[in-house]
Amino acid sequence: MANPIDLVEVWRGDLLECVHQGHAVVCDDSGQIVQAWGDPEAIIYPRSSCKMVQALPLLESGAGAHLTDEQLALVCASHNGAAIHTDRVGAWIKEMGLTDDAFRCGPQMPADRDARNGLIRSDQSPCQVHNNCSGKHAGFLTLTQHLNAGPEYDQIDHPVQQACKAAFEEVTQESSPMYGIDGCSAPNHACSLHGLARSMAFFASAGDRSDARSQAAAKLTQAMARHPDLVAGETRACTDLMRAMAGRVSIKTGAEGVFIAIIPEKRLGVALKITDGATRASEAAIAAILVKLGVLDAGHPATIARMTPPVKNRRDMVTGQIRPSAVLV
C-alpha cells in the first residue's frame, strides 16, 4: 500500500505554505492502470462522482427510455439549485404525479445566488427539489415507479438501491467492502480508486459496444457532455471545464476531494481523491491531469482558474498561487 503523495501546492510569496496530498489513477478500457499517483488501491467513497453509475439501472430497466438528454444530465448532477435545474426537476416529478414530499434527499439552500436570494426575499424555506441531488432522486423515483416498489427508495434493502449496488460492483469489478450514507441520504458504496477509474473507463469505451449497459453508459456520458450547465451550474468547475473541452470529456466532482473524468476519444477513465477533502485541490489536480492527457488546453481561462489560480487577499491583492505539484506537470 502506497502513501498519498503531494499533488497540489499552495504558495504565499516565496514560501510553500500548504500541500494537499492524494491519490489518482488513469485507467484504460481493458481495466489496466495507465498512470497512477499514490495508492491505486486506496479505498474511498466516490460520493457524487459516481452518479452516472447509480443511473445505470434507470436506463437498463427501460424505466428511463422516455427521458430526455437534459433529464439524464440532471440524474448525474450535483446542481446549484438554479431555476434551470429546479424547474426541470419539478416538472419531471409533477409528470409522475408526485410532489416534493416524495423525495428522500432533504431540503437544501440553493448555491445559486439568484435562487437563494429569491427564497430569502420571499421568506421561503428551500424545498427538497433545491437539493443538489434532486435530479438523481428524480431518477430513483422514476425507477421506483417502474418497479412498483415502496416509497422508501433510499433504504439499502430497497430494490432501487440493490440494483444500484449490483451495477456499481459490476462496473468497478469489485465487491464493495462497505457503504456509507451520503449527504442526500442514499447509500454510497466504497471501492478502490482503481475500481472507480476502471468504471469510468467502461463509460469512456461504451460507444464501442452494443449491449444494454454500454448503451446506457454512452447515453449518460453524452448527456453530461451536452449539458454541462445542468450537471453543476455557472461558476462551477464541472461546468466550466466541460465547456472548455467542448463536449469531448465528461467530468464530475464528489464531496471530500473526489473527481472523475470520462474521456471517450482516448477510452480512458480518471479518478482522484484528495485525502484532506479540499475542493480547491481536487479541481487543480483534475485540471492538471486533463492537461497532461492532452484533452484540456492549459491556456484556457477555465483551466487557469482551476489549475493555477492566484491566491488573493480581501483587498484583491495577489498574495500567492495554487498549483499542481511537479508530478502532475
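**Entry 1: aromatic pairs**

By buried I mean under 20% relative accessible area, with exposed being over 50% and partly exposed in between, using a 1.4 Å probe and protein chains only. Before going on, I noted that this is a predicted model, where local features need pLDDT of at least 70 and side-chain atom pairs count only at pLDDT 80 or more, while totals for chains, interfaces and linings use all residues. Residues are numbered from 1 along each chain as its sequence is written, and side-chain values use heavy atoms, with hydrogens and water left out.

How many aromatic pairs does the structure hold? I found 2 of them. Rings of Phe, Tyr and Trp (its six-membered ring) pair if their centres lie within 6.5 Å; planes under 30 degrees apart count as stacked, over 60 as edge-to-face and the rest as tilted. Phe-140 and Tyr-153 have ring centres 5.8 Å apart and planes at 50°, so I logged this pair as tilted. Phe-140 sits in helix H6 (residues 134–147) and Tyr-153 in the loop between H6 and helix H7 (159–172), so the pair ties together parts that are 13 residues apart in sequence. Phe-140 and Tyr-153 are both buried. Phe-202 and Phe-203 make an edge-to-face pair, at 6.1 Å centre to centre with 80° between the planes.

**Entry 2: the chain as a whole**

I counted 13 helices and 12 strands in the protein chain. Helices (H or I, at least four residues) and strands (E, at least two) are DSSP runs, numbered from the N terminus. Along its principal axes, the C-alpha trace spans about 60 × 50 × 35 Å.

Next I checked the radius of gyration, taken over C-alpha atoms, against the globule rule of 2.2 Å times the number of residues to the power 0.38. A compact globule of 329 residues would come out near 20 Å, and the protein chain has 19 Å, which agrees. Of those 329 residues, 55% count as buried.

I also looked at contacts, meaning heavy atoms within 4.5 Å. Among contacts with a separation of 6 or more, 63% come from residues 24 or more positions apart.

Is strand E9 (residues 258–263) buried or exposed? I find 6 of its 6 residues buried, so E9 is largely enclosed by the rest of the structure. Val-258, Ile-260 and Ile-262 cover one side, with Phe-259, Ala-261 and Ile-263 on the other.

I then followed its partners; two strands pair if DSSP finds at least two bridges between them. Strand E8 (residues 250–254) joins E9 through 5 bridges, running antiparallel. Gly-254 has Val-258 as its bridge partner in E9. E8 and E9 form a hairpin with 3 residues between them, and Glu-256 in the turn has a positive phi of about 60°.

On to E10 (residues 268–274), where 7 of 7 residues are buried. Leu-268, Val-270, Leu-272 and Ile-274 point one way from E10, and Gly-269, Ala-271 and Lys-273 the other way. I noted that the buried set includes Lys-273. E9 and E10 pair in the antiparallel sense over 6 bridges. Ile-263 stands opposite Leu-268, and Ile-260 opposite Ala-271. Their hairpin has 4 residues between the strands, and Arg-267 takes a positive phi near 55° there.

Strand E2 (residues 15–28) is also antiparallel to E10, joined by 7 bridges. Ala-24 stands opposite Leu-272.

**Entry 3: the core, and one glutamine**

Which residues touch the most other members of the largest nonpolar core? Ile-251 and Leu-290 do, in a core of 99 residues. Such a core is a set of buried Ala, Val, Leu, Ile, Met, Phe, Trp, Tyr and Cys residues joined through side-chain atoms within 4.5 Å. Leaving aside neighbours within four places in sequence, Ile-251 contacts residues including Met-224, Val-231, Phe-259, Ile-260 and Leu-290.

Last, I looked up Gln-71 in helix H3 (residues 69–75). Gln-71 is buried, at 12% relative accessible area. Not counting residues up to four places away in sequence, Gln-71 touches His-66, Trp-92 and Glu-95.
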